[in-house]
Amino acid sequence: MTSTLSALLYLGEFLQVRETESRGLGVGGNMSHCSCLPGLYLSQTISTQKQILSKPIIWAKPDFMIPKGMRVLILCQGTPEAVEYQLYFEGHLSAQQSPKQLGRRNIVMFHIPAMTLLTAGQYKCIYRSKELWSNPSDPLDLVITEMYDTPTLSVHPGPEVTSGKNVTFYCQLGTATNKFFLLKEGRSGRPQHRYGNTQVEFPMGPVTTAHRGTYRCFGSYNNHAWSFPSEPVKLLVTDVGDTSLAPTEHNSFSDLWDLDLLTTEAEFQQDLGLWDHTAQNLLRIGLAFLVLVALMCLLAEDWLWRKRAQEKANGNDTEKISMAPVQG
């Protein structure tokens, strides 16, 4: 039992030392930074090294659409060996950060305290492992909403249809704009868009039960500044038994990518939970070991005190015997 406790304690200390060394590597790396994406440096580095780093994953929380004035987090995940991250906004260096811990879910978070027109745009991130920089991530288009009037959304022939029918969503805005977006709540991927001035149509069909859901539309003067969302319109599709029909809006690569990001976040949270559980167990074992050592020290001290008291008593008895008068 004692050897097991010692092994676990040594393991905990070893993990802490490795983590400290890894943090030191991230802080102490000597790498010059430029204000543009280091594509030229990357090509020169790859020519001299066989290792090629995979591009990182980038996403935003709570979403890529943020109402003005609201807080947003931009997350970037690289390989477990990543020691430094850089965030680029519209092609220019915006921020850099080192991960708090290395490991399977190596993620950093960049904070935007309040969403404005100046923070809306396209973001990318890169990371460094040793002296090698990765390729840029896929672009993240961060959109600010609630910038213009509220559009009106309607669906024809109506919100309740049977599968196999065609429907059309109409998005209308009082003031002229140049682009409209239609989103389905809870659906990942990029929204549908149409160009127009005050009204556009979003045809859809033949519809199936997969088209059921709540829809909203936005008006926009550019890709990163949108209006207030319209009132929600709920589409109810009744299945008539023919399930062979498929929706015309196929899952795009971005849909699958966003699904992978959701899986990554869930696994990351699970790994954090396992790490916390392991750390708590090591802490409990360490405390139990310290209590055991303290008890042993108290027992040893009590034994020594009793031994000294006994020796003192025996010494007094011997002295009394030696001082007693000898009877003639």
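**View 1. Strands β12 and β15 side by side.** Six bridges connect strand β12 (residues 167–172) with β15, and the two run antiparallel. Please keep in mind while looking around that this is a predicted model. Within this pairing, C171 sits opposite V200 of β15.

**View 2. The disulfide of C171 and C217.** Staying with C171, we find it joined to C217 by a disulfide, S to S 2.1 Å. Distant parts of the chain are linked here: C171 belongs to strand β12 and C217 to strand β16 (residues 213–222), and the two cysteines are 46 residues apart. The torsion about the S-S bond is about 75°, so this disulfide is right-handed. C171 is buried, with a relative accessible area of 0%, and C217 also counts as buried, at 0% relative accessibility.

**View 3. The disulfide of C76 and C125.** Here the sulfur atoms of C76 and C125 are 2.0 Å apart and form a disulfide. C76 is part of strand β3 and C125 of strand β7 (residues 121–129), so the pair ties together parts that are 49 residues apart in sequence. With 75° about the S-S bond, this link is right-handed. Both C76 and C125 are buried. The count of disulfides comes to two, and with the bonded cysteines numbered in sequence order, the pairing reads 1-2, 3-4. For contrast, have a look at C297, which is partly exposed with a relative accessible area of 46%.

**View 4. Strand β1 against strand β3.** Strand β3 (residues 72–77) returns in this view, running antiparallel to β1 and joined to it by five bridges. One of the residues to look for is K61, whose bridge partner in β3 is L73. Four of the five residues of β1 (residues 57–61) are buried, so this strand is largely enclosed by the rest of the structure.

**View 5. The surroundings of I144.** I144 lies in strand β9 (residues 140–145) and is buried, with a relative accessible area of 1%. Beyond its neighbours within four places in sequence, I144 is in contact with several residues, including I66, K68, L117, A120 and W226. M115 is another of these contacts; it is 29 residues from I144 in sequence, yet their C-alpha atoms are 6.7 Å apart in space.

Definitions and conventions:
Residues are numbered from 1 along each chain as its sequence is written. This is a predicted model: local features need pLDDT of at least 70, side-chain atom pairs count only at pLDDT 80 or more; totals for chains, interfaces and linings use all residues. Side-chain values use heavy atoms; hydrogens and water are left out. Buried means under 20% relative accessible area, exposed over 50%, partly exposed in between (1.4 Å probe, protein chains only). Contact means heavy atoms within 4.5 Å. Two strands pair if DSSP finds at least two bridges between them. A disulfide is a pair of cysteine sulfur atoms within 2.5 Å.
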